[in-house]
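Dear colleague,

Please find below the structure that I am handing over to you. A summary of the findings follows it.

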Amino acid sequence: MALGYGQDVQNRVDGFLPYTDTAAVARGGQLYADYCASCHGANLEGQANWRDRDADGYLPAPPHDASGHTWHHPDAQLFMITKFGTEAIVGNGYRSRMAGYQDMLTDAQIAEVLAFIKSTWPKQIIEAHNKRNAVAALTN
């Protein structure tokens with residue numbers, strides 16, 4: 001799956017998010033504000049009690065800052081969750097309010113949103129995330 005950055009999702013050992021590209025990060029920040037902040041927070045803080053299911057059995061939106069678990073997932077998985085929604089990716093009857101954005105954002109825009117998120121993490125979290133991408137690349 002090519003994203004228009006000359007990079008193939010499946011073959012990049014260090015991941016494919018353009019988190020060091022200031023223009024891509026700026027575009028991603030605006031897209032995040034427009035599409036994601038209402039649930040995940042303007043400061044990537046997520047919703048309160050995000051680890052506890054609500055009365056309907058759904059987990060609240062998690063934070064995307066360093067306190068959350070976003071960085072525990074490789075780029076390709078984050079991309080797929082954002083594009084197709086959590087339920088479609090997890091499967092097995094998993095319930096989530098995280099809808100897919102395939103009909104609203106292009107692949108490049110999804111990568112930019114994720115790049116914006118990654119760009120806010122501390123250096124040690126970025127390095128840990130890059131290692132997860134490397135492991136994922138070896139297993140694909």
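Predicted model: local features only at pLDDT ≥ 70, side-chain atom pairs only at ≥ 80, totals over all residues.

Residues are numbered from 1 along each chain as its sequence is written, and side-chain values use heavy atoms, with hydrogens and water left out.

Cysteines. A search of the whole structure returned zero disulfides, a disulfide being a pair of cysteine sulfur atoms within 2.5 Å. For C36, the closest cysteine sulfur is that of C39, at 8.7 Å, which is too far for a bond. C36 is buried, at 14% relative accessible area, whereas C39 is partly exposed, at 40%. Here buried means under 20% relative accessible area, exposed over 50%, and partly exposed in between, with a 1.4 Å probe and protein chains only.

Aromatic pairs. The whole structure contains three aromatic pairs. Rings of Phe, Tyr and Trp (its six-membered ring) pair if their centres lie within 6.5 Å; planes under 30 degrees apart count as stacked, over 60 as edge-to-face and the rest as tilted. One of the pairs joins Y32 and F116, is tilted, and has 5.5 Å from centre to centre and 45° between the planes. Because Y32 belongs to helix α1 (residues 22-35) and F116 to helix α5 (residues 107-119), this pair ties together parts 84 residues apart in sequence. Helices are DSSP runs (H or I, at least four residues), numbered from the N terminus. Y32 is buried at 1% relative accessibility, and F116 is buried at 17%.

The pair of Y35 and Y101 is edge-to-face, with ring centres 6.1 Å apart and planes at 85°. Y35 lies in α1 and Y101 in the loop between α4 (86-90) and α5, so parts 66 residues apart in sequence are tied together. Y35 is partly exposed at 31%, while Y101 is buried at 16%.

Helix packing. α1 and α5 pack at about 95° with axes 7 Å apart; the axes are lines fitted to C-alpha atoms over the stretch in contact, and angles run from 0 to 180 degrees between N-to-C directions. The two helices are therefore roughly perpendicular, a term that covers 65 to 115 degrees. Residues in contact (heavy atoms within 4.5 Å) include L31 and Y32 of α1 and V113 and F116 of α5.

Yours sincerely

Note on methods: Parallel < 35°, antiparallel > 145°, perpendicular 65-115°, else oblique.
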